[in-house]
Amino acid sequence: MANIIMFCILAVIIIGSAIVCVFTKRIMRAATFLLFVLFGVAGVYFLLDYTFLGTAQIAIYAGGLTMLYIFAIQLVSKRTLQGLQERQRGKTVVAGALVALLGLVTVGLVLLKNEFIDMSASMVDAEVPMSVIGEKLVGAGKYQYVLPFEFISVFLLACIIGGIMIARKEDKK
Amino acid sequence: MIPVELLLGLSTVLFFIGFFGFVTRRNLIAMLISIELVLNSVDINFAVFNRILHPGELEGFYFSLFSIGINAAETAVAIAIILNVYRRFHSDQVNSIENMKL
Amino acid sequence: MEYNFVFLILLLPALSFLVLGLAGMKMPHKVAGAIGTVVLGTIFCLSIYTAYEYFIGQGRGADGLYPHVTAFNLTWLKFSELLTFNLGFRLSPISVMMLVVITTVSLMVHIYSFGYMHGEKGFQRYYAYLSLFTMSMLGLVVATNIFQMYLFWELVGVSSYLLIGFYYPQGAAVAASKKAFIVTRFADLFFLIGILIYSFYVGTFNYDLHAMPTLHEQVAGAAVMLPVALFFMFIGGAGKSAMFPLHIWLPDAMEGPTPVSALIHAATMVVAGVFLVASLFPIFVEFAPEQLHWIAYIAAFTAFYAAAVACVQSDIKRVLAFSTISQIGFMLVALGVCLPDPHTGAVAMTEEYADVQGLGYMAGMFHLFTHAMFKACLFLGAGCIIHAVHSNEKEYMGGLRKYMPITHITFLISCLAIAGIPPFSGFFSKDEILVACYNFSPVMGAVMSGIAMMTAFYMFRLYYVIFWGKSYYETHINEGAHKPHEAPLTMTFPLIFLSIITITCGFLPFGELISANGIGFHTHINWTVAGTSVALAIIGIVAATLMYKNEETPVADKLAKTFPTLHRAAYKRFYMDEVWQYVTHRIIFRLISKPIAWFDRHVIDGTFDFLAWGSNEAGESIRPWQSGDVRHYAIWFLSGAVALTLVLLYML
């Protein structure tokens, strides 16, 4: 019961922050509310007893990416320091809202119609041990993930280099 | 115990809020933020499905984990591109990059 | 006897054409001419040798016939066991005879052209075309099947087109070559249709139906369509052989160099139709005797018409052209008056058949042979005259006998031959034709005798106009007319050679070599018919002598004045060209071609234009969809995904 109350609070935070994030006209404020959403999602992970995932979420998203956004916003436009005013075209808003609502209804229908929700009534309420996560992450056996892990590390390296290449100032010839 | 419908409903709502943001915002960075919302909702879904359908396994867990990592990389590159666009066009509006279309 | 060498007869002129056509312009005139002439001389010798081996060396087979030898036969396309496109070399009595005719005349023309075309621009091109023509004509006569014949038939048409249009800077030559090509091509369409019908119903392209007994039954099954097919093929032959009303191209074809007229439009190509009918003769006799007689009627009318026109033409080559049409009419009449054997309804294998019902076949072939020689001689003589006086018109002729004795004598010999005066060759062949006609019906015989008289009249009119009468040179000497002179040896030698053949070849035992059923028979002269025709010919000659021999021609002028309409109509060839002009321009072009062109332009083109326009418009109108705005794409993408999901949920 406490879990449900906790979840409701988190859900309100997430959805409220997301709505503000999307509707605010100030880009800086949007970034800030994104941070709240990310914290909320991390909270959901904690509720699911995926502590490690929640931690990673906070560390990478909240700690890393939000900083990146804020720096980018500040670098891109001096005006955005004061908050960027956007004009929004009514037609696109209406179309987007319509399609989003339609999609929401559709997915809701899918959720209600499917039975896999029922067969998962008994959810094991147990923390995944840290050592298991660690072993699986660097193990090479079945259901172990050293290969994606390595792949992602190389991928991140490539992204770092690519990011630098793209963003650096061109040499003056 | 949290009902699964609520968890999935949350991720769905988050997804469509993100989508709505993506199609309405004109600022490149705001669009990127909306994409982050969408990706987060998907991550929640992975975790939830893992928890519901295969409690003993950790596929969804790791998928979410890697997804978080890749999101980070993607965002970094996207921001690098946005910075470049800004430098070149002196605007961070999406419709400023129109001379690539026919 | 193995005829291993005969492929050279086709290959050498083809090579000569390639060499002269590709490298000729780099050669001096003499080298190019020498190459062409030497090649022709070689194949002339080969042909004579082939003929000797075929008729004498090899002799008749056990069944008393000259065997049809297929020297080689390449299967090119195979539709079924019997229906194949073959390319080969077939020796039969008539094809061997044609080999001799073609190579003889062609060699003479090659030699003659040395003098006639001397210094002409495009001399090498001329020899290249001559080689091409000779090759195609030889291929036509040695064809093993109708389809190969058709191939070479078209090649002959092309080379004729090229040679008629040789003087292409002159508009008249271009127009004449186009006219010749279009008219013959139009007729060839019927030939092709005929071939297709024939091969569809009979299942083969071969001539020898009797060689294949199973096929013979199939032919009997196609008894309804076979005459149609054969008559269509004859229409193709009529186009090449200038039968009325498809004759209109031949007089105009005289725009080509005169030796070409001698080779193509007198001796070889124009007899292709005769050769075609002769090749299909057994089938005609057995399955389409009616159509064979139609051919006779058409040919008789053509012979009369052409003879009438020839009496009043002023251009000497035109006279010869109409004379050629008339004489080809004689040949086809001879073929057309052949009858099937009354007992078997087909070609009977008896000597009596060859001598009576099938006499026309031998007579037609004989006339083809003799006519080729003396008509070539006449044309080449006309070439010498044109060379000397630089004009085709009879006003510039007259009194040339003093200046050009050799031409005069050879021309006279040929005129006597064509008029049918013994002992020149024309007498023998024409006599056989007339006998065959009288066998068929007395009316036909009388008509043809009358046309023979007209022949004698117009030929001697031509002769007197050229060699006697008022000399243009003498009357216009003060105005700078230059003196006519005898042609050089290269030009007179072919004349002498051909006139010797003309004198002697009448004594060939032609019936022993070629006859309707292949069985040799002894030809004999029917003195009743021969006496009448000689008498008529002499009447014609005398009439011509009285009218045209003297310096003044009061009788002829008076006749022309008395019947101005008739004279003018005959001079204008009875307005046949105008009729064609009217039919094609006013009727075919206006009523058929124009609606078709309109349909093509508006409906067919319109359809495709509409498709193109529609695609273009559709592209233009959906171009804004590709806004380049990623948010629109996202909206559409999600809409699609949602729609798909709903479909999957509720429809499936």
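1. Throughout this note, helices (H or I, at least four residues) and strands (E, at least two) are DSSP runs, numbered from the N terminus. This is a predicted model, in which local features need pLDDT of at least 70 and side-chain atom pairs count only at pLDDT 80 or more, whereas totals for chains, interfaces and linings use all residues. Residues are numbered from 1 along each chain as its sequence is written, and chains are lettered from A and ligands numbered from 1 in the order in which they are written.

2. I begin with the loop between helix 8 and helix 9 of chain C, which is where A242(C) is placed. A242(C) is not a glycine, and yet its phi is positive, at about 60 degrees. A242(C) counts as buried because it has 30 C-beta neighbours inside 10 Å; here a residue is buried if 20 or more other C-beta atoms lie within 10 Å of its own, exposed if 12 or fewer, and partly exposed in between, with the C-beta atoms placed from the backbone. P245(C) also lies in the loop between helix 8 and helix 9 (249–252) of chain C, and the peptide bond that joins F244(C) to P245(C) is cis, with omega at about 0 degrees.

3. P423(C) is found in the loop between helix 17 (405–419) and helix 18 (425–440) of chain C.

4. D49(A) sits in the loop between helix 2 (27–47) and helix 3 (51–76) of chain A, and it counts as partly exposed because 17 C-beta neighbours lie inside 10 Å.

5. For chain C as a whole, the model gives 27 helices and two strands. Buried residues make up 52% of its 652 residues. Of the contacts in chain C with a separation of 6 or more, 80% are between residues 24 or more positions apart, a contact meaning that the C-beta atoms of two residues, placed from the backbone, lie within 7 Å.

6. Helix 6 (residues 171–202) and helix 8 (residues 225–240) of chain C pack at an angle of about 155 degrees, with their axes 7 Å apart; axes are lines fitted to C-alpha atoms, for helices over the stretch in contact, and angles run from 0 to 180 degrees between N-to-C directions. Helix 6 and helix 8 of chain C are therefore roughly antiparallel to each other, on a scale where angles under 35 degrees count as roughly parallel, over 145 as roughly antiparallel, 65 to 115 as roughly perpendicular and the rest as oblique. The crossing of helix 6 and helix 8 of chain C is left-handed, a crossing being left-handed if the near helix is turned anticlockwise from the far one by less than a right angle, and right-handed if clockwise. By class, the contact of helix 6 with helix 8 of chain C has 19 nonpolar, four polar and two charged residues; Ala, Val, Leu, Ile, Met, Phe, Trp, Tyr, Cys and Pro count as nonpolar, Asp, Glu, Lys and Arg as charged, and the others, Gly among them, as polar.

7. Helix 10 (residues 258–267) and helix 16 (residues 359–389) of chain C cross at roughly 160 degrees, and their axes come within 8 Å. Helix 10 and helix 16 of chain C are therefore roughly antiparallel to each other, and helix 10 of chain C passes helix 16 of chain C in a right-handed crossing. Among the residues making this contact are T258(C), P259(C) and S261(C) of helix 10 and K375(C), F379(C) and G383(C) of helix 16. By class, the contact has 10 nonpolar, three polar and one charged residues.

8. Between chains, 58 residues of chain B are in contact with 68 residues of chain A. Helix 1 (4–24), helix 2 (28–53) and helix 3 (59–89) of chain B are the elements that give two or more residues to the side of chain B that touches chain A, and the largest share, 20 residues, comes from helix 3 of chain B. By class, this side of chain B has 40 nonpolar, 10 polar and eight charged residues.
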